[in-house]
Amino acid sequence: QGELVKVIEGQGITLAKGNNTQLEEAIRSIAATGGVLRNNLPNPNFRSRSKFQINGGVTYSSTDKEYVVDGWLVDPGTAGTVVHSMESNSRTTTGNPQASALTYRLAFDGNASTEPDMSCRVWNLTKFANRTCTVSFMAKVATGSVTLTPLIVQHFKTGGSPSPDVTTAANEASPTITTSWQRFTMTFDVPSVTDKVEGDNGRVY
């Protein structure tokens with residue numbers, strides 16, 4: 001039921017209790033898009049940020065791989081440090097993200113011996129399997145430029161004899177992030193998980 005509500009509200013329709021007309025409109029809207037699932041990443045606007053709230057501030061420094069903003073796992077890399085901070089957006093500034101979202105700022109110290117990364121785990125292997133998925137995001141850097149390599153990884157748990165992780169690159173070239181806000185849209189042809197074997201420990205994602 002919760003998943004159905006998420007899909008319906010992803011069409012821009014807020015369901016009101018007892019309103020069958022809205023439900024009918026939502027179902028028709030979903031059918032018109034071929035059953036497209038939208039807004040399926042947890043906490044896409046970074047509004048839930050328990051680590052900042054626990055520490056009572058707007059910045060947080062870490063050398064650990066952890067969830068600082070709920071739903072988003074940041075790895076500073078081996079021997080690396082990252083400073084996490086949040087900032088609100090101005091609706092009046094042309095090209096800025098929407099005002100209802102928060103900007104999540106990551107400052108890596110450059111000392112890591114492995115690549116730092118940021119990931120968002122969806123705890124359901126079949127949700128996007130055998131589909132073409134679109135990921136859209138806005139980004140900029142403080143100075144210079146950075147090339148990102150967006151990937152989708154299917155993970156089959158650990159322990160026993162699980163299938164190895166399957167990594168899928170975007171159909172588009174890796175985007176270069178500059179000092180101006182830009183929206184990037186990437187598509188991924190996510191493989192099927194048929195015949196894959198799950199391990200004994202942990203969770204799939």
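Predicted model: local features only at pLDDT ≥ 70, side-chain atom pairs only at ≥ 80, totals over all residues.
The largest nonpolar core comprises eleven residues: Phe46, Phe52, Tyr60, Val68, Val69, Trp72, Val74, Val82, Met86, Leu102 and Tyr104. Two or more residues are contributed to this core by each of strand 2 (66–69), strand 3 (72–75), strand 4 (82–88) and strand 5 (102–108). A second, separate core contains seven residues, among them Val122, Phe128, Phe188 and Val190. Within the largest core, Phe46 is in contact with Val69, Trp72, Met86, Leu102, Tyr104 and Met118, when residues up to four places away in sequence are not counted. Ring pairs also join Phe46 to Trp72 and Tyr104 in a cluster.

An open sheet is formed by three strands in the order 2-3-6, with antiparallel pairing. Strand 2 and strand 6 (117–120) lie at the edges with a single partner strand each, so one side of each has no neighbour in the sheet. From one strand to the next, the twist averages 40°. Three bridges connect strand 2 and strand 3, and Val69 has Trp72 of strand 3 as its bridge partner.

Four aromatic pairs are present in the structure. In one of these, the ring centres of Trp123 and Tyr205 are 5.8 Å apart and the planes stand at 85°, so the pair is edge-to-face. Trp123 lies in the loop between strand 6 and strand 7 (131–139), whereas Tyr205 belongs to the segment after strand 12 (182–190), 82 residues apart. Trp123 is partly exposed, at 37% relative accessibility, while Tyr205 is buried, at 19%. Both rings also carry a charged end: that of Arg121 sits over the ring of Tyr205, 4.2 Å from its centre, and that of Arg203 over the ring of Trp123, 4.3 Å from its centre.

Notes: Residues numbered from 1 in each chain as written. Heavy atoms only, no water. Core = buried A, V, L, I, M, F, W, Y, C linked by side-chain atoms within 4.5 Å. Buried < 20%, exposed > 50% of the residue type's maximum accessible area, 1.4 Å probe, protein only. Helix = DSSP H or I, 4+ residues; strand = E, 2+ residues; numbered from the N terminus. Contact = heavy atoms within 4.5 Å. Pairing = 2+ DSSP bridges. Axes fitted to C-alpha atoms, helices over the stretch in contact; angles between N-to-C directions. Phe/Tyr/Trp six-rings, centres within 6.5 Å; stacked < 30°, edge-to-face > 60°. Lys NZ or Arg CZ within 6 Å of the ring centre and 35° of its normal.
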